[in-house]
Amino acid sequence: MPGQQTRQWLLSNPPENDPVLEGENATFKLETMTLPILGQDQALVKTLYFSNDPAQRGWIQKDVDPERLYVAPVKKGEIMRSFAIAEVVESNADGLKKGQLVMGDLGWTEYAVMNAKELRPIQADESAGIRPTHFIGALGGPGLTAYDGLIDVARATKEDTVVVSGAAGATGSMVVQLAKHVVGCKRVIGIAGGPQKCRWVESLGADVCVDYKAPSFAEDLKKATEGYADVYFDNVGGDILSAMLPRMKRHGRIAACGAVATYNSMGSDAGVKNWFEIISNRIEIKGFIIIDAFESGKAGGWIQELIKGVKEGKIQIGPETETVVPTKFEEVPKTWMMLFKGGNTGKLVTQIEA
């Protein structure tokens with residue numbers, strides 16, 4: 001009996017700058033293949049949702065040095081890597097049953113044959129408003145990254161003024177809520193793009209949100225950070241990082257989480273413009289990856305802390321905290337590109353249309 005046929009998106013031309021969606025130099029290529037027959041302790045799963053994360057851009061960079069990445073890069077001809085929520089279609093594993101929802105590193109594929117140990121069963125709780133997609137968003141990597149960076153890396157306290165860039169994104173929106181409602185920070189300032197996103201960030205608990213697209217951004221940021229900031233959670237890098245350095249207190253702490261503003265330029269004109277601020281004000285900057293917290297065992301109880309925050313009403317995970325985009329499989333890369341155009345509020349999720 002032949003295996004299940006599936007379409008997959010493969011990395012065809014690793015990009016140097018912006019990924020290309022069409023033409024001979026298209027970054028990705030759609031192909032159909034036949035999956036292997038199901039083996040012992042394996043399951044055939046059907047993808048329902050893809051996680052879209054800025055870090056994916058770094059995994060496909062042309063001529064990237066694998067020694068400088070925290071995970072192996074996606075090689076030309078390999079399936080594009082992505083976490084996903086899937087449904088078990090068939091199972092030869094005792095712990096997985098047909099119809100069960102699971103999460104795993106499936107990649108951009110319609111179907112996949114996976115080892116049971118590579119899949120994590122998930123349990124939605126509709127009574128608490130917890131949906132399957134939250135396990136790749138607020139209760140998954142982004143939420144855990146927010147917890148790690150704010151509480152473990154930057155060591156935020158109730159006495160701190162905290163600034164969060166990318167505050168309307170998957171991780172940033174969780175940082176805002178954790179800072180205000182869990183840690184109880186004295187003042188929480190978000191940075192986001194556009195009045196609508198800023199209003200939403202303020203509804204999550206930010207005392208004020210500064211619109212980086214506004215012509216008055218520099219002055220607005222200076223006014224919002226009067227007295228300076230103790231902690232800066234940086235999701236974007238680039239010019240906003242440069243703008244924040246003069247707004248940090250002496251001995252301030254920066255959790256360097258991401259650099260989405262520079263992922264498609266990869267080093268060209270992407271440097272910090274006022275590095276001396278770091279030296280003269282003894283600012284601490286620490287890069288971090290959530291993988292480290294898992295490997296050290298620190299993250300073991302954090303997911304339960306997040307769920308507790310949801311059930312106590314301290315953390316919002318309503319529909320407005322994620323952007324779920326119904327997508328035909330042949331348009332998966334197009335939805336992913338919304339990450340780099342500010343097209344999402346909260347977590348960007350691709351929902352595969354039947």
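Modeller: Buried means under 20% relative accessible area, exposed over 50%, and partly exposed in between, with a 1.4 Å probe and protein chains only. This is a predicted model, in which local features need pLDDT of at least 70, side-chain atom pairs count only at pLDDT 80 or more, and totals for chains, interfaces and linings use all residues. Residues are numbered from 1 along each chain as its sequence is written, and side-chain values use heavy atoms, with hydrogens and water left out.

Colleague: Why is F276 called exposed?

Modeller: F276 has a relative accessible area of 59%, and the cut-off for exposed is over 50%, so the term applies. F276 lies in helix α7, residues 276-280 (helices are DSSP runs of H or I, at least four residues; strands are runs of E, at least two; both are numbered from the N terminus).

Colleague: What makes strand β8 largely enclosed by the rest of the structure?

Modeller: Five of the five residues of β8 (residues 161-165) are buried, so the strand is largely enclosed. T161, V163 and S165 point one way and V162 and V164 the other way, and all are buried.

Colleague: Which residue in strand β9 stands opposite V163?

Modeller: That residue is I189. Five bridges join β8 to β9 (residues 187-192), and these strands run parallel.

Key. Pairing = 2+ DSSP bridges.
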